[in-house]
2 protein chains.
Amino acid sequence: MDAALKALAEPRRREILRLVWSRELPATDIADHFAEVTRSAISQHLSVLKEAALVSERRDGTRRLYRANADTMNELRTFLDDYWTSGLERLRDVAEADEARKRQKKGRH
Amino acid sequence: MDAALKALAEPRRREILRLVWSRELPATDIADHFAEVTRSAISQHLSVLKEAALVSERRDGTRRLYRANADTMNELRTFLDDYWTSGLERLRDVAEADEARKRQKKGRH
DNA sequence: CACTTACGTAAGCAAACACTTACACTTGGC
DNA sequence: GCCAAGTGTAAGTGTTTGCTTACGTAAGTG
């Protein structure tokens with residue numbers, strides 16, 4: 001999940017992800033979409049996205065077809081939703097652990 | 001919004017953000033929470049979060065009190081929600097723009 | 001006014017990142 | 001078997017990032 005967030009932090013990768021959102025696309029077609037950078041750069045971005053499970057790859061002859069992985073994106077979505085909402089509930093525990101840490105630190109020093 | 005996503009990509013910053021989720025906290029208290037890194041490192045993280053408008057800062061004497069900025073986080077949330085859902089609808093436009101680009105590229109070359 | 005508390009900030013460093021160019025590898029058609 | 005198409009990968013480069021130590025500074029305290 002960490003990897004997914006990190007992968008999404010890069011604008012180019014978000015754009016790639018959008019391209020393969022609902023249809024499979026071969027690497028070359030994806031690269032063609034970006035005039036500014038090399039095919040190689042896109043290939044590396046695709047690796048990152050694949051590593052983060054944000055896209056899946058399917059081989060067809062010499063081509064590799066990429067498509068966004070809806071499962072991972074839904075997981076990420078619920079992770080963030082939890083993040084938004086859980087802050088409040090878990091706060092008491094965090095505060096308590098914090099106090100303990102503080103006392104320990106002071107005691108040591 | 002880009003800055004916010006990038007800021008969230010860092011685990012430490014997410015943890016900081018959670019600490020100030022629903023209560024103000026002075027920088028020192030935040031730093032005390034992290035035994036592994038320096039106060040300076042946390043200060044720099046706070047700068048990034050502030051730059052991304054994910055936290056707001058209020059001064060009180062020598063102290064600076066930080067608190068998560070709910071507005072920005074809601075904006076980010078809707079941005080992502082749009083991102084999840086809009087892919088489908090905007091896809092046709094992207095595809096069309098893409099075809100145009102492709103034709104142009106071939107024409108030039 | 002000296003001293004302490006609570007901070008940011010500058011400088012430097014190693015690791016990570018987004019690229020590039022050049023090359024290697026598969027797959028399918030002739 | 002040879003060649004072209006489609007693609008990953010290795011190596012190198014400049015920039016950014018997350019950190020450290022050291023110093024600077026503003027606000028309260030005696």
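Two strands are taken to pair if DSSP finds at least two bridges between them, and with that criterion the sheet of chain B in this predicted model can be read as follows. Three strands of chain B form an open sheet in the order β1-β3-β2, with antiparallel pairing. Its edges are β1 (25-26) and β2 (55-60) of chain B, each of which pairs on one side only.

Two packed helices are described by the angle between their axes and the distance between the axes. For helix α2 (residues 11-19) of chain B and helix α4 (residues 39-51) of chain B, the angle is about 80° and the axes are 10 Å apart. Angles of 65 to 115 degrees count as roughly perpendicular, and α2(B) is therefore roughly perpendicular to α4(B). On the α2(B) side the residues involved are R12(B), R13(B) and I16(B), which meet I42(B), H45(B), L46(B), V48(B) and L49(B) of α4(B). Sorted by class, this contact of α2(B) with α4(B) comprises five nonpolar, one polar and two charged residues.

Turning to chain A, the reader finds five helices and three strands, which follow one another from the N terminus as α-α-β-α-α-β-β-α. Here helix α2 (residues 11-19) of chain A and helix α4 (residues 39-51) of chain A have axes that come within 10 Å and cross at roughly 80°, so that α2(A) and α4(A) are roughly perpendicular to each other. The contact is made by R12(A), R13(A) and I16(A) from α2(A), together with I42(A), H45(A), L46(A), V48(A) and L49(A) from α4(A). By class, the contact of α2(A) with α4(A) has five nonpolar residues, one polar residue and two charged residues.

Some totals complete the picture of chain A. Of its 109 residues, 35% count as buried, and the accessible surface of chain A comes to about 6400 Å², with 46% of that area belonging to carbon and sulfur atoms. Among the contacts in chain A between residues at least 6 apart in sequence, 54% join residues at least 24 apart.

Technical notes
Residues are numbered from 1 along each chain as its sequence is written. Chains are lettered from A and ligands numbered from 1 in the order in which they are written. This is a predicted model: local features need pLDDT of at least 70, side-chain atom pairs count only at pLDDT 80 or more; totals for chains, interfaces and linings use all residues. Side-chain values use heavy atoms; hydrogens and water are left out. Helices (H or I, at least four residues) and strands (E, at least two) are DSSP runs, numbered from the N terminus. Buried means under 20% relative accessible area, exposed over 50%, partly exposed in between (1.4 Å probe, protein chains only). Contact means heavy atoms within 4.5 Å. Accessible areas come from the Shrake-Rupley method with a 1.4 Å probe; for residues, only the protein chains shown count as cover. Axes are lines fitted to C-alpha atoms, for helices over the stretch in contact, and angles run from 0 to 180 degrees between N-to-C directions. Angles under 35 degrees count as roughly parallel, over 145 as roughly antiparallel, 65 to 115 as roughly perpendicular and the rest as oblique. Ala, Val, Leu, Ile, Met, Phe, Trp, Tyr, Cys and Pro count as nonpolar, Asp, Glu, Lys and Arg as charged, and the others, Gly among them, as polar.
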